[in-house]
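Hi everyone, thanks for making time this morning. I'd like to walk you through one structure, so please have a look at the screen before I start.

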Amino acid sequence: MNVVTTVIKSRHSVRKFRPDRIDRTAIADAIECARHAPTAKNVQPWLFGVVVEKAALKAIADLTDNGKFIADAAACFAVFGEKNEKYYLEDCCAATENLILALQAHGVGSCWVAGEKKGYAEAVRILLGVPDAYTLVSLVPAGLPADITIAPKKELKKVLFTERFKKE
Ligand SMILES: Cc1cc2nc3c(=O)[nH]c(=O)nc-3n(C[C@H](O)[C@H](O)[C@H](O)COP(=O)(O)O)c2cc1C
C-alpha cells in the first residue's frame with residue numbers, strides 16, 4: 001500500500017462536519033501543500049485565504065448556492081487566482097486539489113465548492129477584502145467528518161484508452 005495513493009483513493013467530498021476545530025498544523029500543512037502545486041512557468045498566481053470565524057463562515061455560505069454547509073465547517077479555505085495570468089485557473093485548481101488531499105492526509109474532510117464560474121465569486125472576493133486583481137477559483141470548507149457519502153465513479157474501461165481511442 002502506498003500512502004499517497006491511499007490518501008487519494010480514500011478522499012470523498014464531506015458536507016457534514018463535527019463541531020470540533022481543526023488542528024492548526026493541519027491547516028498550515030494544507031496551505032503548504034497547496035503552494036507546492038505545479039504552475040505554468042512557475043508563476044504561482046494565487047492567494048490563499050483561511051476563514052474560521054463563525055460569522056464569516058455563515059456570510060460566505062449565504063452567498064453561495066450549493067455551499068450552504070460552509071456555515072457548519074470548522075474552516076473554509078478560499079483560493080484566489082490572478083486574473084491576468086493565462087493559466088491561473090489550471091494553477092489554482094492544482095493548488096485546490098493539493099489542499100484537499102493534504103487535509104485528507106490529516107484526517108480532515110473537505111469539499112471543493114465552485115467559485116470561478118459562479119455569480120457569487122465577486123461577492124466573496126469583496127467580503128474577504130481581496131484585491132480586484134484576483135478572482136475566486138474555489139472554496140474548500142473543511143472539518144472533521146460527521147458523515148461521508150461515497151460518490152460512484154465511472155468504470156475504468158469507460159474512461160481509459162491506450163495508444164489510440166477506438167469506438168466500441
Ligand atoms: C470544480 C468543482 C466544483 C464543485 N462545486 C461543488 C459545489 O458547489 N457544492 C458541492 O456540494 N460540491 C461541489 N463539488 C464537489 C463534487 O460534487 C464532488 O467532487 C463529486 O460529486 C464527486 O464526489 P467526490 O468528491 O466524493 O468524489 C465540486 C467539485 C468540483 C471539482
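Let me begin with a definition: a residue counts as near a molecule or strand if its C-beta atom, placed from the backbone, lies within 6 Å of it. This is a predicted model, so local features need pLDDT of at least 70 and side-chain atom pairs count only at pLDDT 80 or more, while totals for chains, interfaces and linings use all residues. Residues are numbered from 1 along each chain, following the sequence as written.

So, which residues surround the ligand? They are His12, Ser13, Arg15, Asn66, Gly67, Cys111, Trp112, Val113, Ala114 and Ala151. By type, this shell divides into five nonpolar, four polar and one charged. In that scheme, Ala, Val, Leu, Ile, Met, Phe, Trp, Tyr, Cys and Pro are nonpolar, Asp, Glu, Lys and Arg are charged, and the others, Gly among them, are polar.

Next, a helix pair. Helices (H or I, at least four residues) and strands (E, at least two) are DSSP runs, numbered from the N terminus. Two packed helices are described by the angle between their axes and the distance between the axes. Here helix H2, residues 24-35, packs with helix H4, residues 88-105, at an angle of about 145°, and their axes are 7 Å apart. The axes are lines fitted to C-alpha atoms, for helices over the stretch in contact, and angles run from 0 to 180 degrees between N-to-C directions.

Who meets whom? From H2 we have Ala26, Asp29, Ala30, Cys33, Ala34 and Arg35, and from H4 we have Ala95, Asn98, Leu99, Ala102 and Leu103. Contact means that the two C-beta atoms, placed from the backbone, lie within 7 Å. The residues of this H2 and H4 contact comprise eight nonpolar, one polar and two charged.

Now to the core. A nonpolar core is a set of buried Ala, Val, Leu, Ile, Met, Phe, Trp, Tyr and Cys residues joined through C-beta atoms within 7 Å. Buried means 20 or more other C-beta atoms within 10 Å of the residue's own, exposed means 12 or fewer, and partly exposed is in between, with C-beta atoms placed from the backbone. The largest such core has 38 residues, and those with the most contacts inside it are Ala75, Cys76, Ala78, Leu99 and Ala142. Two or more residues each come from H2, strand S2 (46-51), helix H3 (54-63), strand S3 (75-82), H4, helix H5 (121-127) and strand S6 (134-143). H4 gives the largest share, seven residues.

Let's zoom in on Ala75, which lies in strand S3. Why does Ala75 count as buried? Because it has 24 C-beta neighbours inside 10 Å. Leaving out residues up to four places away in sequence, Ala75 touches Ile22, Ile27, Val50, Val51, Val52, Ala142 and Gly143.

Lys41 has a positive phi of about 55° although it is not a glycine. Gln44, also not a glycine, has a positive phi near 50°. Lys41 is exposed because 10 other C-beta atoms lie within 10 Å, whereas Gln44, with 17, is partly exposed.

That's my tour, and I'm happy to go back to any part of it.
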